[in-house]
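Take a first look at the sequence and the fold below.

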Protein chains: 2
Amino acid sequence: MTYCIAISVNAGIVFCSDSRTNAGIDQISTYSKMFSFNAEPDRQFVLLSAGNLATSQSTLTQLRQDIRNNAPVNMNSVSTIGEAADYIGQVYLEKLEKHGGSYTEFESSFLLGGQIKGSQHRVVKIYSAGNHITSSADTPYLQIGESKYGTPILDRIIKLDTPLETAALCALVSMDSTMRSNLAVGPPVEILLYKADEFVLSNYNRFNEDSEYLRELKKSWDQKLKEAFNLLPPLAWAANWENVPENNKGAV
Amino acid sequence: MTYCIAISVNAGIVFCSDSRTNAGIDQISTYSKMFSFNAEPDRQFVLLSAGNLATSQSTLTQLRQDIRNNAPVNMNSVSTIGEAADYIGQVYLEKLEKHGGSYTEFESSFLLGGQIKGSQHRVVKIYSAGNHITSSADTPYLQIGESKYGTPILDRIIKLDTPLETAALCALVSMDSTMRSNLAVGPPVEILLYKADEFVLSNYNRFNEDSEYLRELKKSWDQKLKEAFNLLPPLAWAANWENVPENNKGAV
C-alpha cells in the first residue's frame, strides 16, 4: 500500500509520500515514491507514485530516457501539465501492457505536480487507466493509495489561501492518521514544497521512523485531539428507545 | 452506502447508525438501520445492518417470524451471542441464496450487540459471507459500511474503560467525519446505549438533518480541531531537495 498527497494552494504545491511497499504482508520494503526530473529552467515537475512498483519504476525510467534521448515528446517538450499527464499516462499504459496486460495487480497511479512558465502551477492525478483529473479551486488536493483515513483533516484545513507551511503540516497530520490505521503505510515520510513561480525545489524533509519531530507531532496531535474531544458539548438524551417506531422493535 | 458502529466497553455498548440508503446516486432513501427484538427478559439484542436493503429486511423479517413461531432456533432460544450470530448468518445466507445467489450487490452485513444473562455483553460483526468476528479487549469497536473516514478518532479515544457517554460522543464524531467525506452516509443519525447487566434499552437519540445538537457538535468539533491543529509544533526544514539521492532526481 501507499499514501501520497499533493496539495495545490495559491502559494505553491506540497508533496507528501510514505515509503512502504509490500507484496504481501511478509514482503515489505522501503522505497521512495517522490521523484523530480532534469527539467529545463522554464519548468519544474514532481511525480509521486503508487501501485505496482515494477510498473511505476519502468514508467519513470522511460520518462527519463525520453528526456536524455530528447524524444519528440518528453517532460521538457510538453507545453502544459495536462500534456505531461497525457504523455505519462501513455508511457505507463505501454509498460502495463508489456508486463501486466489487464491484471489490476500490475497497475500503478501517479500524482504529478509542477509548473511551466506562462501558466499556473497545479496538480493532476493519473489514474491506473492512464487518464487524469486536475486539482481546482474547489478540490485543491489530490491523493493516491490509502486515502480515506487521512481525508477528514485535509477537508477541514486546506483552502486555496492556506499558507504553504500550514498545508505541509496538514499533509503530515493526514499521513500520521493514515499510518496509525493502516500498517501498509509507513515511514520514512517525505515532504517537499514547490513555491509558485520559483521553478526550483528547495524545502524538503525526510522523516525516518525514529524522527524526533514526527514523534513529537504524533504525540502532540494525539494529545490535542483528545483535549479538543473533551471540550465537546455533552450528549443530551432527549429521546428513549421506548418512543422508537414499533417496526424497529419487532413487535409488529 | 452506510456507516454503523458498535462499541463494547466495560460499562456497556454504544450503537450508532446513519439512515441513508442508495441504489445508485439518483435513488436515495431514508431507512433506519437499527433494530431490537421482542426479547425474553434474560436477554437483549440490537442489530445494525448494511448492504442490500431487500436482503437485510428479509433477514430481519425471518428472525422475527422465528421468534413469533417459536422456531427451534430463534433469538430467544440461543444461549450465547456467538450462537445468535451463527443463526443470523445462516438465515441471511438463505435469503441471499434465494434472491441474489453469488451476486455481491445482494450481500448484506450486520453488527449484533447485546447480552444474555450469565455472560458478558459483547458485539459481533457478521460478514457478507455469513461468518462473524467478535469484539475484544484489544478491539472494542466494530464497524460496517464506509468505515475508514471515521476510524482515526475511534482509535484514539476508545478504550475498555471509556465511559459509555464518552464512547457515544466519540461514535457521533466518527459519524460526523464520515458524513462529511461520503455523501452516501447521511442523517438521521441514531444512537442507542445498552448499559451492562440491565437487559433494557433506554438512552436513545435520533438526530435529524436539522438537529441543533448535531449542528452544534459539528461546528464545535470543526472549530476545536482547527484550534488543535494551529497549536502543533511548526515544521522544521532540516533538509533540502539538493541533498536527495540522485536517483530521485533523474540525473543518473
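The walk goes from one chain, to the pair, to a single residue. Keep in mind that this is a predicted model.

Start with chain A. Chain A has five helices and 13 strands. Its C-alpha trace spans about 75 × 40 × 35 Å along the principal axes. Chain A has 252 residues, and 48% of them count as buried. Now consider which parts of the chain touch. Take the contacts in chain A with a separation of 6 or more. Residues 24 or more positions apart account for 66% of them.

Next, bring in chain B. How is chain A superposed on chain B? A rotation of 180° does it, with 0.0 Å of shift along the axis. The RMSD is 0.1 Å. That is the relation of a two-fold axis. To find the axis in the model, look for Tyr149(A). Of the residues of chain A, Tyr149(A) comes closest to the rotation axis, with its C-alpha at 2.5 Å.

Now turn to the interface. Here 56 residues of chain A are in contact with 56 residues of chain B. Several elements of chain A each supply at least two residues to the side that touches chain B. The helices are helix 3 (151-157), helix 4 (164-181) and helix 5 (212-230). The strands are strand 5 (34-36), strand 12 (203-207) and strand 13 (239-240). Helix 5 of chain A gives the largest share of this side, twelve residues. By class, the side of chain A that touches chain B divides into 30 nonpolar, 13 polar and 13 charged residues. Do the copies meet through the same surface or through different ones? They meet through the same surface, because 100% of the interface residues of chain A are also interface residues in chain B.

Zoom in on helix 5. The axes of helix 5 of chain A and helix 5 of chain B come within 9 Å. They cross at roughly 150°. Angles over 145 degrees count as roughly antiparallel, so these two helices are roughly antiparallel to each other. Their crossing is right-handed. From chain A, Lys224(A), Leu225(A), Glu227(A) and Ala228(A) make the contact. From chain B, the partners are Lys224(B), Leu225(B), Glu227(B) and Ala228(B).

Now leave the interface helices and look inside chain B. Helix 1 (residues 53-68) packs against helix 2 (residues 81-99), with the two axes coming within 9 Å. The axes cross at roughly 130°. That makes helix 1 of chain B oblique to helix 2 of chain B. This crossing is also right-handed. Helix 1 of chain B contributes Ala54(B), Thr55(B), Ser58(B), Thr59(B), Gln62(B) and Leu63(B) to the contact. Helix 2 of chain B contributes Ile88(B), Val91(B), Tyr92(B), Lys95(B), Leu96(B) and His99(B). By class, this contact has six nonpolar, five polar and one charged residues.

End on one residue, Thr59(B). Thr59(B) lies in helix 1 of chain B. Is Thr59(B) buried or exposed? Thr59(B) counts as buried, because it has 25 C-beta neighbours inside 10 Å. Leave aside residues up to four places away in sequence, and Thr59(B) touches Ile88(B), Val91(B), Tyr92(B), Lys95(B) and Ser108(B). Finally, compare Thr59(B) with Asp18(B), 41 residues apart along the chain. Their C-alpha atoms are separated by 19 Å.

Terms used: Residues are numbered from 1 along each chain as its sequence is written. Chains are lettered from A and ligands numbered from 1 in the order in which they are written. This is a predicted model: local features need pLDDT of at least 70, side-chain atom pairs count only at pLDDT 80 or more; totals for chains, interfaces and linings use all residues. Helices (H or I, at least four residues) and strands (E, at least two) are DSSP runs, numbered from the N terminus. A residue is buried if 20 or more other C-beta atoms lie within 10 Å of its own, exposed if 12 or fewer, and partly exposed in between; C-beta atoms are placed from the backbone. Two residues are in contact if their C-beta atoms, placed from the backbone, lie within 7 Å. Copies are superposed by least squares on the C-alpha atoms of residues with pLDDT of at least 70 in both. Axes are lines fitted to C-alpha atoms, for helices over the stretch in contact, and angles run from 0 to 180 degrees between N-to-C directions. Angles under 35 degrees count as roughly parallel, over 145 as roughly antiparallel, 65 to 115 as roughly perpendicular and the rest as oblique. A crossing is left-handed if the near helix is turned anticlockwise from the far one by less than a right angle, and right-handed if clockwise. Ala, Val, Leu, Ile, Met, Phe, Trp, Tyr, Cys and Pro count as nonpolar, Asp, Glu, Lys and Arg as charged, and the others, Gly among them, as polar.
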